[in-house]
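Here are some friendly notes to read alongside the model.

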Amino acid sequence: MKSKKISPDDRSAVALQKLIPNGYDALRWRHLGTDLEIARLPATDHGHKLSLYRIQPGGRIAEHGHHGEELTVVLKGTFSDGTGIYSEGDFLFCDTNDIHRPIATQDGVCLCLSAETAPIKLLHLERDVLLLRSLIIAS
């Protein structure tokens, strides 16, 4: 896996304030299950996505790969993904060769800013859809 830590730039806090002038609570957060919330931010380059991810303590993001590149910086908290542990200020780079499942630590909410050149690819989506259908039918 090519994921790695990259040294943060001192100007990153100023840039973030420009993207989120009214604070995190003013953003439109979309709930994806009980563990994850996502807020989309305006991106300057066409075709790129810029998002904030808020993962609850112990929360897991679905195992996924990438159709392009993803650069993530941890703004608050800590998560691991099987290749490393990433804490506040750490950067993580993933590309089309990488597969991972980020998991927030139990000690607090993990907040990350992520830039993606293409959508992620969920690896177990078909299996999860079939499982969900069976649960709905059974209820």
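**Notes on the fold**

1. The protein has 2 helices and 13 strands; both are DSSP runs numbered from the N terminus, with helices being H or I over at least four residues and strands being E over at least two. Please keep in mind that this is a predicted model, in which local features need pLDDT of at least 70 and side-chain atom pairs count only at pLDDT 80 or more, while totals for chains, interfaces and linings use all residues. Residues are numbered from 1 along each chain as its sequence is written, and side-chain values use heavy atoms, with hydrogens and water left out.

2. Some totals for orientation. Of the 139 residues in the protein, 35% are buried, where buried means under 20% relative accessible area, exposed means over 50%, and partly exposed lies in between (1.4 Å probe, protein chains only). The exposed surface comes to about 8,800 Å², with carbon and sulfur atoms supplying 56% of it; these areas come from the Shrake-Rupley method with a 1.4 Å probe, and for residues only the protein chains shown count as cover. Among contacts with a separation of 6 or more, 67% are between residues 24 or more positions apart, a contact being heavy atoms within 4.5 Å.

3. Strand β12 (residues 110-116) deserves a look: 6 of its 7 residues are buried, so this strand is largely enclosed by the rest of the structure. Strand β4 (residues 49-55) runs antiparallel to β12 and is joined to it by 7 bridges; strands count as paired if DSSP finds at least two bridges between them. Strand β6 is also antiparallel to β12, through 6 bridges. Ala115 in β12 is the bridge partner of Leu50 and also that of Leu71.

4. Leu75 lies in strand β6 (residues 70-76). Beyond its neighbours within four places in sequence, Leu75 touches Leu16, Tyr24, Leu52, Glu88, Leu111, Cys112 and Leu113. Arg54 is 21 residues from Leu75 in sequence, and their C-alpha atoms are 9.9 Å apart.

5. Two open sheets can be traced. In one, 3 strands follow the order β8-β7-β11 with antiparallel pairing; β8 (85-87) and β11 (103-104) are the edge strands, each pairing on one side only. Strand β7 (residues 78-80) is joined to β11 by 2 bridges, and Ser80 has Ile103 as its bridge partner there. The other has 3 strands in the order β10-β5-β13, again antiparallel, with β10 (99-100) and β13 (120-122) at the edges, each pairing on one side only. Between β5 (residues 64-66) and β10 there are 2 bridges, and His64 is partnered by His100.

6. A disulfide is a pair of cysteine sulfur atoms within 2.5 Å, and the structure holds 0 of them. Cys112 is buried at 3% relative accessibility, and Cys94 is buried at 0%.
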